[in-house]
Amino acid sequence: MSKGQINVQTENIFPVIKKFLYSEHDIFIRELISNAVDATQKLKALSTMGKFEGDLGDLTIHVKVDKDAKTITVSDRGLGMTAEEVDKYINQIAFSGAEEFLQKFKMEDGNIIGHFGLGFYSSFMVSEKVEIVSRSYQPDAKAVRWSCTGSPDYEMEEADKADRGTDIILHVADDAAEFLEESTIVSLLRKYCRFLPIPIQCGEESHWEKPEGAEAKEGEEVKEVEVKRPRIINDTHPLWKQSPSSITPEQYLEFYRQLYPMTFEEPLFQIHLNVDYPFNLTGILYFPKVRNQLEIQKNKVQLYCNQVFITDQLEGVIPEFMMLLHGVIDSPDIPLNVSRSYLQSDANVKKISSHITKKVADKLEEMFKNDRENYEKKWDDLKVFIEYGCLTDEKFYERAKNFILFKNVDGKYYTMDEYRAGVETLQKDKNDIVVYLYAHDLATQHVYIQSAKEKGYDVLLMDGFLDTHFINLLEPKLEKCRFARVDADVMEKLIEKDEPMPAKLSEAEQTSLKELFEKCVDKEKFTVQIANLSEGELPIMITQNEFMRRFQDMQKLSGQGNGMYGNFEHYNLVVNGNHALAGKILGESDEARKEALTHQLIDLALLSQNLLTGEKLSDFVKRSVELM
Ligand code: ADP
Ligand code: MG
């Protein structure tokens, strides 16, 4: 018997890198700059420890794009590498075999490698040849030049380099020529490297300034002239890395504008995250005013690892409702060189994500407890976020239930407990169920709201676009409680009490009244009911069954507006048999007038529900004139 190892050839690594990383090939710049920053930080650390005694000098990282020579050069003044180190860190690792390569970078879920840092080797995605010219910080180190054309063979030789540090020279391949535009590189640097701690310079930019020492002539202003200055890409001390106690509200706002120059609305408030145990996490999360288009508001939180931008596609990485927030999250515990599916399943990322959720809930609770008045002022803008959180994250609901507010039609706010205590006695029906009445539109439901108020009932304003979902969530959680929209039925039925109202009309009269109205409406759309309400109630009302309506609302929300069930809007036409007009119509001897009066009443009801339009509206106006 003989044992052996299948030898996987390394020749094919580069085609693999090119092919699989094609869609994400711009990350090479992030990788090269991160390495340059690492090398610089390491040298600074050595200097602090007294192991490097030279002068650190200017540590700016330079990125040069040379379109004619077809090169991109990244130069740092970090700790550099000796020939041995190049051999160890560059040669050995990548050429240790395709097996390791495939293991390390294996595709997940059949996905293309996706969000992936390949470190130094990602530069081969855009290069036909890569050179490293490096000189170690060590006093008598010799400079070394390494070059490789993408086959496993590389060349190493001594080089001339006066200064310490490393130049990485990419000879850009023809199919990646777009990267030879300085503007492309600048925008990539701004995307990935905007907040790195070491200054990065690429090209120059124009400033308009008054020349120094220039004196204005009589009656003239000094003219500004164009001056070219090195273009520095990054803000080396981003706000989230600073101590919260030293930051003013204006600075938070300014940072917000820096992050989202195209967003004009100011955030409501922010949370500054600063955790060092059990993991390291910093960041600033802003609460925006959440409007009803949830999707376009997502993907604004930016994820960083040690100030290097990783992604703003956080679907599945943080809870869905957290994606409505804005701002940055930075953690060295988030793996940099991974695909998103890896991010989603990473244990650290999960811990971080639930920690953030907790922080957010804590902040809201603290605001509610410490300054309720202010919290109430912000509630209308916070509501969608909190409802969305409750709907998508059970744990969040458990935390939020103490600071969820109900707002009534008079603009007063209550916690859920307060509200229950307030309406419990009066709004309990004969089955001991407390009925929470609500309206979704103050103007169109005015009649119904009035009718509730006349009975001393309170009416909540539920005008948010998630409210129907939210009510469905709350109902089973709140014991012995039911929500009913004010127009779901007549008040007497919505909150049914023990003692029914006596009827003024006989059974026979009620039947003929019903038939009369049925003759005058579209039966597909309306069901006529005769109800015995108090005389003071309206003579006629249109109501819509609570559950039918909710079902419809939910369908509309999920984008199936006129979906497979079509438009099945159905209403009840409730005629108050005890109202004086009911008797009057029944007693009318002129048949034509009787019908006209019936139509008139129906139209009035339709009108109050905004259901009377077009020809029917014209008919109504004409008939009104005639009847007068
Ligand atoms: P990683 O950064 O994850 O270690 P890389 O492939 O990006 O992997 O880099 C491999 C190694 O090469 C680094 O760990 C570092 O030791 C060395 N290296 C790369 N770029 C530089 C540089 N600009 N200066 C000094 N050392 C470098
Ligand atoms: Mg690296």
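Visitor: In which strand is Q201 found?

Guide: Q201 sits in strand β7, residues 200-209; helices (H or I, at least four residues) and strands (E, at least two) are DSSP runs, numbered from the N terminus. Please keep in mind that this is a predicted model, where local features need pLDDT of at least 70, side-chain atom pairs count only at pLDDT 80 or more, and totals for chains, interfaces and linings use all residues. Residues are numbered from 1 along each chain as its sequence is written, chains are lettered from A and ligands numbered from 1 in the order in which they are written, and side-chain values use heavy atoms, leaving out hydrogens and water.

Visitor: Why does Q201 count as buried?

Guide: Its relative accessibility is 12%, and buried means under 20% relative accessible area (exposed is over 50%, partly exposed in between; 1.4 Å probe, protein chains only). Q201 therefore counts as buried.

Visitor: What makes the pair of Q201 and H62 a polar contact?

Guide: Their side chains come to 2.4 Å. The term asks for a pair of N or O atoms within 3.5 Å; within protein, one must be able to donate a hydrogen and the other to accept it, and residues adjacent in sequence count only if both atoms are side-chain atoms.

Visitor: And why is α16 called roughly perpendicular to α19?

Guide: The axes of α16 and α19 come within 10 Å and cross at roughly 75 degrees. That makes α16 roughly perpendicular to α19, since 65 to 115 degrees counts as such (under 35 is roughly parallel, over 145 roughly antiparallel, the rest oblique).

How values were computed
Axes fitted to C-alpha atoms, helices over the stretch in contact; angles between N-to-C directions.
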